[in-house]
Amino acid sequence: MTVHTGPLPTRRLILQGAVTVALIGLGNLPFVPVHAAANDKYPEEAFKLKNEAEAIKALYGKTAEPSDKVKLDAPEIAENGGVVPMAVTTTLDKVTSISFFVAENPNALAASYKFPDGTIPAVANRLKMAKTSNVTAIVEADGKLYSATKEVKVTVGGCGG
């Protein structure tokens, strides 16, 4: 005859104990608060503007110069404007942000990313495009703006087309 004094050690009980020990252990680590880009003010006005030049001016307050150090990877022909893959990489130092602008979209600013120090400056995304248009990638590095532009031909529109 066996006498049980408590619950049997089931797999669930063992896992719950392991998770509890892990969480208690994490509580002892000295976490340093990180000032993430989420704390920055949302550029609402820039996202509402229809004109690309005005949106760039609203977001950055200055104009960009074309640079061969900014590489915009986008298809020449997008069969579906609803999901057009884009990627931006750069060899520039001290990059603080990368933004995508689509000239013929209802709103020119499609996406904008902020980078903390030490981050590899690369972004990949799928953008929605209304029709054939120039796509411009703006990279802010060391207080200056650099750009790369490529025309993407859209066969089926994504923004209501």
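Trainee: How do you know that strand 4 and strand 7 pair?

Mentor: Two strands pair if DSSP finds at least two bridges between them, and strand 4 and strand 7 have six bridges in the antiparallel sense. One of these joins Val84 to its partner in strand 7, Leu127. The model is predicted, with local features needing pLDDT of at least 70, side-chain atom pairs pLDDT 80 or more, and totals for chains, interfaces and linings using all residues. Residues are numbered from 1 along each chain as its sequence is written, and side-chain values use heavy atoms, without hydrogens and water.

Trainee: What makes residues 84-90 a strand that pairs with strand 2?

Mentor: A strand is a DSSP run of E with at least two residues, numbered from the N terminus. Strand 4 covers residues 84-90 and pairs with strand 2 in the antiparallel sense over four bridges. Among the bridge partners are Lys71 with Thr89 and Leu72 with Val88.

Trainee: Why do strand 2 and strand 7 stand at the edges?

Mentor: The three strands form an open sheet in the order 2-4-7. Strand 2 (70-73) and strand 7 (122-127) each have a single partner strand, so one side of each is left without a neighbour in the sheet.

Trainee: Which side chains of strand 4 are called buried?

Mentor: Buried means under 20% relative accessible area, exposed over 50%, and partly exposed in between (1.4 Å probe, protein chains only). Val84, Met86, Val88 and Thr90 point to one face and are buried.
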